[in-house]
Amino acid sequence: MEMWWSVWFFILGTVLASFGSVVGYRLPKKMKVMGVERSQCDHCERKLSWYERFPIISYLVTGGKCRTCKKRIPVIYTFVELATGGLYAFSYLKYGFSVDLLLACSLILLCAIIFVSDLLYFIISDKVLIVFFVWFLMLQVLFEYRSWLDAIAGGLLGFCFLLLLAILSKGGIGGGDIKLMGVLGLLLGFQGAYLTLMIASVIGVLIAIVGLLAKKYNWKTAIPFGPYLAVGALVTFYYSVELLERIF
Ligand SMILES: [Zn+2]
């Protein structure tokens with residue numbers, strides 16, 4: 001039975017991610033999200049058949065390319081869909097049916113959307129952030145999964161720390177990152193926000209070093225910070241207890 005539920009959660013994750021990643025970059029570009037356009041190729045606008053749109057299967061059948069214009073449907077979509085499905089199943093196995101599972105699935109979806117839109121298009125949609133901000137607030141009101149003081153402190157720490165960094169670096173950090181970190185902090189609490197910022201910074205520094213060494217970056221390359229925050233938030237959500245024990 002548990003096995004079937006985890007399969008079901010895997011499918012749910014891939015479907016939500018496949019929808020969410022489209023929403024994430026289409027909303028800010030004022031493209032239609034619902035209806036016919038959802039099923040068109042972004043390049044040649046041909047209506048895609050069902051298997052071309054279906055997560056994973058489209059990649060297996062068409063090699064991830066549009067059959068008409070041969071433009072690649074970016075690999076990152078498939079990767080994020082698979083990762084989201086995997087994390088949904090993992091969360092179900094880790095938490096069972098509980099508030100934690102609901103929080104995990106919400107956070108994963110937000111991270112999937114940010115990951116795609118920020119990495120591919122340097123976009124973190126305000127509308128997406130507002131929806132998740134309200135949703136997390138609602139969950140906090142309903143379940144009070146952490147103290148209000150902790151939730152507010154987490155949100156403020158995330159928001160203010162990156163705002164300060166943005167001012168000091170004169171725009172090195174985008175407004176989207178600042179707001180995103182505020183939303184994440186609300187869910188993760190004060191220590192969680194702190195941990196997320198630390199993990200994201202470590203990943204950011206490591207990738208910057210690799211990029212510089214491989215001469216893919218120079219000192220002025222704009223690096224999207226949102227995906228690092230997303231990864232940091234997920235690691236924090238699952239392992240904050242273990243990680244905090246080691247640090248303090
Ligand atoms: Zn096409």
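K70 is found in the loop between α3 (57-62) and α4. In this predicted model, the phi angle of K70 is near 60 degrees, a positive value in a residue other than glycine. Most residues other than glycine have a negative phi. K70 counts as exposed because it has 11 C-beta neighbours inside 10 Å, and a residue with 12 or fewer is placed in that class.

A positive phi also occurs at E144, where the angle is near 40 degrees. E144 lies in the loop between α6 and α7. With 11 C-beta neighbours inside 10 Å, E144 is likewise classed as exposed.

The secondary structure of the protein consists of 9 helices and 0 strands. Along the sequence, the pattern therefore reads α-α-α-α-α-α-α-α-α. For the protein as a whole the mean pLDDT is 87, and 92% of the residues reach 70 or more. Where pLDDT is low, the predicted coordinates should not be read in detail.

The overall dimensions were examined next. The C-alpha atoms fill a box of roughly 55 × 50 × 35 Å, taken along the principal axes. The radius of gyration of the protein is 19 Å. A compact globule of 248 residues would have a value near 18 Å, so the two figures agree. Of the 248 residues, 36% count as buried. Among contacts between residues at least 6 apart in sequence, 71% join residues at least 24 apart.

The domain assignment of the protein gives domain 1 (1-124) and domain 2 (146-248). The C-alpha centres of domain 1 and domain 2 lie 23 Å apart. Contacts between the domains involve 11 residues of domain 1 and 11 residues of domain 2. On the side of domain 1 that touches domain 2, the residues divide into 10 nonpolar, no polar and 1 charged.

The largest nonpolar core contains 57 residues. Within this core, L107, I108, C111, A112, L184, L229 and A233 touch the most other members. Two or more residues are given to the core by each of α1 (2-26), α4 (75-95), α5 (99-121), α6, α7 (148-168), α8 (175-213) and α9 (226-247). Helix α8 supplies the largest share, 15 residues. At least three residues of the core come from each of domain 1 (1-124) and domain 2 (146-248).

One of the core residues named above, I108, was considered in more detail. Leaving aside its neighbours within four places in sequence, I108 is in contact with G13, T84, L87, Y88 and L234. In the assignment, domain 1 covers residues 1-124 and domain 2 covers residues 146-248.

A further residue, Y239, is found in helix α9. Y239 counts as partly exposed because it has 13 C-beta neighbours inside 10 Å, and that class lies between the limits of 12 or fewer for exposed and 20 or more for buried. Y239 and L149 are 90 residues apart in sequence, and their C-alpha atoms are 22 Å apart in space.

Definitions and conventions
Residues are numbered from 1 along each chain as its sequence is written. This is a predicted model: local features need pLDDT of at least 70, side-chain atom pairs count only at pLDDT 80 or more; totals for chains, interfaces and linings use all residues. Domain bounds come from an automatic or database domain assignment. Two residues are in contact if their C-beta atoms, placed from the backbone, lie within 7 Å. Ala, Val, Leu, Ile, Met, Phe, Trp, Tyr, Cys and Pro count as nonpolar, Asp, Glu, Lys and Arg as charged, and the others, Gly among them, as polar. pLDDT is the predictor's confidence in each residue, from 0 to 100. Helices (H or I, at least four residues) and strands (E, at least two) are DSSP runs, numbered from the N terminus. The radius of gyration is taken over C-alpha atoms; the globule rule is 2.2 Å times the number of residues to the power 0.38. A nonpolar core is a set of buried Ala, Val, Leu, Ile, Met, Phe, Trp, Tyr and Cys residues joined through C-beta atoms within 7 Å.
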